[in-house]
Amino acid sequence: LEQAELNEFVGNLISLYFIILLGASVIVFWLAERITSPIQLLTRVILRTKEGERSEMPNWKREDEIGVLLSSYNAMLQELDQNAVLLARSERELAWREMARQISHEIRNPLTPMKLKLQRLLRDFTENPDRFKERFKNETGLVLEQ
């Protein structure tokens, strides 16, 4: 009788351990899914962003670590958008400056020889009036041509 009771007790104990193990396994899988699903969501959205699709993270209702990650990511996306706008504006300004520099150079190129010719004419006008008449025709033609 003692052996039968001991066998029944051990059988019940093994059944109880099996039920506890089965319940613990279900709880562990449920917790693992609950923990990893937000990380998987975060990973999918970050991969989409990496591929060029910009989408904000869904609002996370809890104030946990995942919520902090999601709000930080959203803030980084907004900052990235602002920086892209600033970069585009800066590139446009740089292009306008370069164009203005080139136009200024193109305008100054013919002005320098014209200025020199006019200075020479003025000097001839005050110092050597006879030479002035001779040069006036040549220099004014060149200035008009410039």
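Here are legends for a few close-up views of this predicted model.

**Before you look: how the model was read.** Numbering starts from 1 along each chain as its sequence is written, and side-chain values use heavy atoms, with hydrogens and water left out. Since the model is predicted, local features need pLDDT of at least 70 and side-chain atom pairs count only at pLDDT 80 or more, while totals for chains, interfaces and linings use all residues.

**View 1. Confidence across the protein.** The average pLDDT (the predictor's confidence in each residue, from 0 to 100) is 84, and 95% of the residues score at least 70. Among the elements, helix 1 has the highest mean, 90, and helix 3 the lowest, 77. Helices here are DSSP runs of H or I with at least four residues, numbered from the N terminus.

View 2. I27, W30, L31, I35 and I39 make up a nonpolar patch on the surface. W30 belongs to helix 1, residues 2-50, and is exposed at 52% relative accessible area. (Exposed means over 50%, buried under 20% and partly exposed in between, with a 1.4 Å probe and protein chains only.)

View 3. The whole structure has three salt bridges, each a side-chain nitrogen of Lys or Arg within 4 Å of a carboxyl oxygen of Asp or Glu. In one of them, R97 pairs with E93, and their closest N and O atoms are 3.7 Å apart. These two sit four residues apart in helix 2 (residues 65-127), so about one helical turn separates them. R97 is exposed, at 55%, whereas E93 is partly exposed, at 38%. Another bridge joins E98 and R101, with 2.6 Å from N to O. Here the spacing in helix 2 is three residues, again about one helical turn. E98 is partly exposed, with a relative accessible area of 34%.

View 4. R135 and D124 form a salt bridge with their closest N and O atoms 3.0 Å apart. R135 lies in helix 3 (residues 129-145) and D124 in helix 2, so the pair ties together parts that are eleven residues apart in sequence. What else does D124 contact, beyond its neighbours within four places in sequence? Besides R135, the list holds P129, R131 and F132, where contact means heavy atoms within 4.5 Å.

View 5. L121 lies in helix 2 and is buried, at 5% relative accessible area. Leaving out residues up to four places away in sequence, L121 touches F132, R135, F136, E139 and T140. The C-alpha atoms of L121 and E139 are separated by 7.7 Å, although the two are 18 residues apart along the chain. M114, also found in helix 2, is buried at 16%. Its C-alpha atom is 9.0 Å from that of T140, a residue 26 places away along the chain.

Definitions and conventions. Patches are made of residues with over 30% relative accessible area and no salt bridge: like charges are joined within 9 Å, nonpolar side chains (Val, Leu, Ile, Met, Phe, Trp, Tyr) within 5 Å. Accessible areas come from the Shrake-Rupley method with a 1.4 Å probe; for residues, only the protein chains shown count as cover.
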